[in-house]
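Some notes on the model follow, as numbered points. Please read them alongside the coordinates.

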Amino acid sequence: MSIDTTSKQSWWSRIAHPGQFVIWTKPLLWPLTILTALLFVGGLYFAFFNSPADYQMGDTVRIMYVHVPNAWLSQFVYGVMAVSALGTLVWRHPMADVSMKAAAPLGALFTALALFTGSLWGRPTWGTFWEWDGRMTSTLVLLFIYLGIVALWRAFDDQLRAARVIAVFTLIGAVNIPIIKFSVDWWSTLHQPASVFRADGPKMPGSILTPLFVMFFAFTFLFLTLQLKAMHTEVKRRRVMTLQRRAAQGESA
Amino acid sequence: MTAFRAMLRRELRLALRGGGDVLTLVLFFVIVGAIVPFAVGPDRALLARIAPGIVWISAFLAMLLGLDRLFRPDHEDGSLILLRHAHLPLSATIAAKLIAHWLVAALPLIVASPFLAMLLAMDEPTFWRMLVSLLVGTPALAAFGAVGAAVTVAIRRGGLIAPILIAPLSIPVLIFGTGSITAPQSAAAMLFLAALSLMAVALAPFAAALAISSAED
């Protein structure tokens, strides 16, 4: 008689096995993709056809529906990376490594898109592609940090060892980002103050807010979908590397 | 404490006897600063206006250049592993290394900075403020540099990647460093710079020790 020990494991430790993680989360991938696509269709419809043009900025206000979600994700993804870094250092959860590695290029991409759409929006409204003001500058610095982390991942041969070192650096970055933000704000202030999340409620009319929130969720789900897919890819890449190493050892023996 | 002092002495002795690293860094610092007038023109008014920024950038670059010396030789000859398992905690070892690094890589630059100030047509009050801001701010640069060097020590060509990791983190130091020389609220900037230095120096040895012990096992 065999004793079944597997059922006593929590889902948390069960997904610690990369193969189990892929099996468990694979059914999530298609629903997430469809949900993302639906949100994008709805959000873009609202953004293009069912929201008013701004009385000052005209149709260029629609850039906001792409710009704001990207800017939000540029910070949210770093949060995901920092939490994963804690997972790597504190619990040594194997999937935290993978999540951290998968999130870095995505964060860099969303940050770059936030800067790109921002400068496209800045050209007609402020009259310049780039202005050295607080928010743009700290977003640029954030992009540099993301790219540095991506470069660090690529520089290591041993990915398991890389994960712990990069986790340390990611957490140092997480401590530093508020300091950078503060110093850059001190250095220069020109950007308009925050206008979506305020204590006295949103300052925008509902007709603009609805598409903004739909797009907000669309981009967040896009990130979740891409993150999951990238984690699966990373698990498979590691398996391929292990198999190649084993094959090479077999040849030499 | 004896071990700490011995570590400090070892680092200083290695740096001073190890073939003119200190002089090379000072030379680099002065040359970077002296090369700017060739690029922007010898206009004294313009030079005097941008001189604080030039001095800070030169110091920043010179300190980046000296980083590879911090952990790499010890990593290559294996003494870093021994230091990790020594009686003295690794963070204390790194603190000693950090102090030694500041003494051999930052202090000579500050000593050489009057020369650069003269070349860049800096007036005397600005010069004194620059001297204080370098004294207060360079420990933070050394601390960030130590963390960057620790993170990249296990990478074979880590010398190239450490600067791009450290540069974004050092931006506040540059902002408050030059701010404390020229900005209207220079006293506030000086206090922020001091706060940044104290925090970075206090935390960097632990962060660097964590990075090194993660990379070695």
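1. What percentage of the 217 residues in chain B do buried residues make up? Buried residues, meaning those under 20% relative accessible area with a 1.4 Å probe and protein chains only, make up 56%.

2. This is a predicted model, in which local features need pLDDT of at least 70, side-chain atom pairs count only at pLDDT 80 or more, and totals for chains, interfaces and linings use all residues. Residues are numbered from 1 along each chain as its sequence is written, chains are lettered from A in the order written, and side-chain values use heavy atoms without hydrogens or water.

3. Chain B has 10 helices and 0 strands, as DSSP runs (H or I, at least four residues; E, at least two). Its C-alpha atoms fill a box of roughly 55 × 35 × 30 Å along the principal axes.

4. The axes of α4 (residues 68-76) and α6 (residues 90-105) of chain B, being lines fitted to C-alpha atoms over the stretch in contact with angles from 0 to 180 degrees between N-to-C directions, come within 10 Å and cross at roughly 130°. Arg69(B), Leu70(B), Phe71(B) and Asp74(B) in α4(B) meet Ile94(B), Lys97(B), His101(B) and Val104(B) in α6(B), where contact means heavy atoms within 4.5 Å.

5. The largest nonpolar core has 127 residues; a core is a set of buried Ala, Val, Leu, Ile, Met, Phe, Trp, Tyr and Cys residues joined through side-chain atoms within 4.5 Å. Ile149(A), Leu152(A), Phe29(B) and Phe71(B) touch the most other members. Helix α8 (residues 124-151) of chain B gives the most to this core, with 14 residues.

How values were computed
Buried means under 20% relative accessible area, exposed over 50%, partly exposed in between (1.4 Å probe, protein chains only).
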